[in-house]
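New notebook page. I want to get my bearings in this chain, going from the sheet to the helices.

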Amino acid sequence: MRQGIKLTNEYLTALNKHGVKWVYIEDAVSEGIEAYDVIYEDTRVMANAIMAEILATNPPDLSWKNLIQLHNCAQFIVADIKQYRPRVTIELWNLKTLKDYLFLHSVNVAVISVLIGWRMGFNNQELEDITMGVLLHDVGKVTISEEIHNKPGRLTEEEFAEMRKHSRRGFDFLKERGAYNPTVWSVAHQHHEAYDGSGYPNHRQGSDIHLYSRIAAIADVFDALTSDRPYKSGWAFHKVLNLFNNGMRTKFDPKALSTFIDLIPLYPLGTAVKLSNGEMGMIKENYEGNYHRPIVRIIIDANGNPLDEKSCYDLDLSKETDIKIIDNTPIW
Ligand SMILES: [Fe+2]
């Protein structure tokens, strides 16, 4: 939206209709807090559009035209990520909608996977391969009915068995089409395998799962848990990272997981937080590798009184070590 536009009820209804649950508002209090994406907007728009076209039909539209365009996008994604500035926060919640979940999910998971691969030292060819593989990892989902895909609550055993078929079907679609190369097909096939052997379809374990799929598994679960779905609200980043560090640790490749954890901030820029001294504010800046201790713009004092724009100040938790973040419940 353009600067100066008033958020009227009509706008709010329209945004709601498109599944947009929140927007960034630039005002005097939030001055200097800018949320950037890790890839350029044009790249994301283009990748989303091609994935939407591929996933619009059953079977998926894996025409050469789409595959060539997707490969161009993969090259853009890799180039954008290689320019990634360390302080930029990954903005995965931005403008997510329920209806378009599948293609947005594919692009998000690809972006996170490339970030991990890049940090693990992949060369250009490997980065392009993992991008293509992860963009196409869920093409088999086009065969799963909306009722199962968007079902509120637990799937029945039968429904879950049907859902599990998407990885094999995706592999078959890509193989049949000869799309890109067999490494790319393997991501569709193996992205639900788990490092400890508890995944599907073949209960592969450890290095018997291709590295691209071990990386995709982390990105896939992270994006699924942080996303809003018809039956649940997305989890906050720090909650998911806590789960990855504890209950889910054995499911993931240890090296890929620690690379991922070093990359993802606990509290993305602009997140509202409550501090142990009673003050409240929003995340202004994250320190890579020290995500527990960001710089917080304080906007509500310890007595619960909002500060005027001149009294708001930045508190650097890397220096104020006796104060910590205790909550990120929305405060406005
Ligand atoms: Fe999947």
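Before I count any strand pairs, I need the rule: two strands pair if DSSP finds at least two bridges between them. With that in hand, I looked up β2 and β3, and five bridges join these antiparallel strands. One thing to keep in mind throughout is that this is a predicted model.

**Entry 1: the whole chain.** I started with the overall tally. The protein chain has 332 residues, and 37% of them count as buried. Its secondary structure comes to eleven helices and five strands. I also checked how far along the sequence the contacts reach. Among contacts between residues at least 6 apart in sequence, 66% join residues at least 24 apart.

**Entry 2: the sheet.** In what order do the five strands sit in the sheet? I read it off as β4-β3-β2-β1-β5, an open sheet with antiparallel pairing. At the edges I found β4 (313–316) and β5 (325–327), each pairing on one side only. From one strand to the next, the twist averages 50 degrees.

A reminder to myself: strands of a sheet pair through backbone hydrogen bonds, in either a parallel or an antiparallel way.

**Entry 3: strand by strand.** I took β1 (residues 272–275) and followed it to β2, which it pairs with in the antiparallel sense over three bridges. A272 has M282 in β2 as its bridge partner. The hairpin of β1 and β2 has four residues between the strands, and there G278 takes a positive phi near 95 degrees.

Is β2 largely enclosed or open? In β2 (residues 280–285), five of the six residues are buried, so the strand is largely enclosed by the rest of the structure. On the β3 side, I283 stands opposite V296.

Moving on, I looked at β3 (residues 295–300), which pairs with β4 over four bridges, antiparallel as well. Here I298 stands opposite Y313 in β4.

**Entry 4: α7 and α8.** Two packed helices are described by the angle between their axes and the distance between the axes. I looked up both values for α7 (residues 157–177) and α8 (residues 182–190): the angle is about 160 degrees and the axes are 7 Å apart. Angles over 145 degrees count as roughly antiparallel, and α7 and α8 are therefore roughly antiparallel to each other. Their crossing is right-handed. On the α7 side I listed S167, R168, G170, F171, L174 and K175, which meet V184, W185, A188 and H189 in α8. Sorted by class, this contact has five nonpolar, three polar and two charged residues.

**Entry 5: α3 and α4.** Next pair: α3 (residues 64–82) and α4 (residues 101–119) pack at about 55 degrees, with their axes 10 Å apart. They are therefore oblique to each other, and α3 passes α4 in a right-handed crossing. From α3, the contact takes in I77, V78, I81 and K82; from α4, A110, V111, V114, L115 and W118. By class I get eight nonpolar, no polar and one charged.

**Entry 6: N245.** Last stop, N245 in helix α10 (residues 237–245). Is N245 buried or exposed? I found 12 C-beta neighbours inside 10 Å, so N245 counts as exposed. I also looked up its separation from I261, which lies 16 residues away along the chain: the two C-alpha atoms are separated by 8.7 Å.

Terms used: Residues are numbered from 1 along each chain as its sequence is written. This is a predicted model: local features need pLDDT of at least 70, side-chain atom pairs count only at pLDDT 80 or more; totals for chains, interfaces and linings use all residues. Axes are lines fitted to C-alpha atoms, for helices over the stretch in contact, and angles run from 0 to 180 degrees between N-to-C directions. Helices (H or I, at least four residues) and strands (E, at least two) are DSSP runs, numbered from the N terminus. Angles under 35 degrees count as roughly parallel, over 145 as roughly antiparallel, 65 to 115 as roughly perpendicular and the rest as oblique. A crossing is left-handed if the near helix is turned anticlockwise from the far one by less than a right angle, and right-handed if clockwise. Two residues are in contact if their C-beta atoms, placed from the backbone, lie within 7 Å. Ala, Val, Leu, Ile, Met, Phe, Trp, Tyr, Cys and Pro count as nonpolar, Asp, Glu, Lys and Arg as charged, and the others, Gly among them, as polar. A residue is buried if 20 or more other C-beta atoms lie within 10 Å of its own, exposed if 12 or fewer, and partly exposed in between; C-beta atoms are placed from the backbone.
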